[in-house]
Amino acid sequence: EVYKLSYMVSGLLFTLTLSQLLHRGTLTFSKLENGFLLMLILQLMCLLLQMTGVMSSYNSYFPLTGFSDNPNATAMMIAVCIPLIYDRLKTSDHTYSLLALLVVSFIFLVILRCRTAYIGLAVICVVRIALSDKAKTLYQRLGKKTLYVSFAFLLLLLSFSAALYKMKQDSSDGRLLVWKVSAGMLAEKPEGWGIGLYEKYYNLCQGEYFSAGKPSEKEKYLASTVYMAYNDLLEHGVEAGWCGTIFMILFYVSMAVRAYRTRKIVAFSVICGFLVMSLVNFVYATIQPWFILLCYVADVLGCPQGSFCVGKKVKSGIHLVALFFSFFLLWQYAELTIAQVRLKHYEHLKDIGQKVELKAVEELASPIGTSEGYYRFLSSLYMRDGECEKAAEALRKAMDYTSEPELFFALFNCYDKMGMTAQGIEYIKTVRDMLPQNMMSRNILLRWYDSQGMKVEALAVAHEMAETPLKVKSSVAESYQRGARRYIEKESKIKESQ
């Protein structure tokens, strides 16, 4: 998948380039920290505007998100920047401004209710305190009592973990299901399912897990469409195999060891914080927090102490290779960006009722790369022109990169219009298996079985719908459930009258 692969390579090039700039003194880390604080201020301003209703949230499910479409990414960034503000308070003359920034950051960190951010901040603070000079003096004073203090701290840690679990228990249990299915995927394909294809294959494998009759009622209740593994090590393992997991472990451990050996305690604490956060949430895909981590990694790599010694020819060769890949990526990004801008323009024209030329959209196929959104939009244009076969083909291409339920419903619609409803029903069955809570797929199956005279199958689906406790009670889902109950009553009366 070209988008994620480009993201990975560009991140690597950025880190290596920045480490050289820091190593040579061309750029100082304090200036990067100023950039972090500017990013933080902009995020907090965005949150304030969203809170007052001046600006809309970027996600309809959350009232506050900052500039991200997920509040977790914003909260993680705030958590990582809070220790930086504290450090600046001790040395800067702008005490009141920094104090206000610290208070506002804490307030929004609490409001966003991101457990991952709380964990990350706790890890950073604990590591910094444990490695401080005052802590070393305290260890010496306590002597044998250090063991009791450590035990008390362990109890406090367990209590903190339990509180976070109870804070959003359904969410926590839902992640356990995601990790369970993801671990099964890694065991099934140790070589990996393909970079950038976690979203596509996970939901299909979840459907296989449910259809095999393995899940508990709790798992069926909590299951939803999944886009990431909520564990970077596991997600990289699913996509790139065991090599991906090992690479991520080596990345974090080697950078942490190097930071500790070069006595960069702040960087060491941040790397440890990100390592722990990456075990319970998506960190790699959160652009701003991940950018901050890469800056700290670059600072560790650029540290003169313990730097790698290579000859001038080797160093020049590395620079040339990096330069080549940089130009290649810039060219590719320019093509992708222009194509995506044009796609957004065509989508806007369609939304406001203006005609969009099909040929112009078809020309984007090559430069836009592996974009499922493009093929979905292309399919809608084919459907508009009554070309159902081409619409179905475009949707199948979109399914090379994702397994969103909407695509399966759209494919069913295409086959239904082509008079191939029986074939289209297979896509509806896939959605039914993936999402035990999805009432729409079951309603379609109920009506289909009934129209084909398959009363036993129809009644089985109707009973399943009627007995499913809804996690999200929408008017549509509840109407489907009422329809299923009426169908059961109708069939029961027919059976009694016979």
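Biologist: Is Asp 299 buried or exposed, and what is its relative accessible area?

Modeller: This is a predicted model, in which local features need pLDDT of at least 70, side-chain atom pairs count only at pLDDT 80 or more, and totals for chains, interfaces and linings use all residues. Residues are numbered from 1 along each chain as its sequence is written, and side-chain values use heavy atoms, leaving out hydrogens and water.

Asp 299 is buried, at 13% relative accessible area (buried is under 20%, exposed over 50%, partly exposed in between; 1.4 Å probe, protein chains only). Asp 299 forms a salt bridge with Lys 264, with 3.3 Å between the closest N and O atoms (a side-chain nitrogen of Lys or Arg within 4 Å of a carboxyl oxygen of Asp or Glu). This pair links distant parts of the chain, 35 residues apart: Asp 299 belongs to helix H14 (residues 287-301), and Lys 264 to the loop between helix H12 (242-261) and helix H13 (265-277) (helices are DSSP runs of H or I, at least four residues, numbered from the N terminus). Lys 264 is partly exposed, at 23%.

The whole structure holds 21 salt bridges. In one of them, Lys 218 meets Asp 170 at 3.4 Å; Lys 218 lies in helix H10 (residues 217-222) and Asp 170 in helix H8 (residues 169-188), so the pair ties together parts 48 residues apart in sequence. Lys 218 is partly exposed at 40%, as is Asp 170 at 33%.

Glu 217 and Lys 220 also form a salt bridge, at 3.6 Å from N to O. These two residues are 3 residues apart in helix H10, about one helical turn. Glu 217 is exposed at 59%, whereas Lys 220 is partly exposed at 30%.
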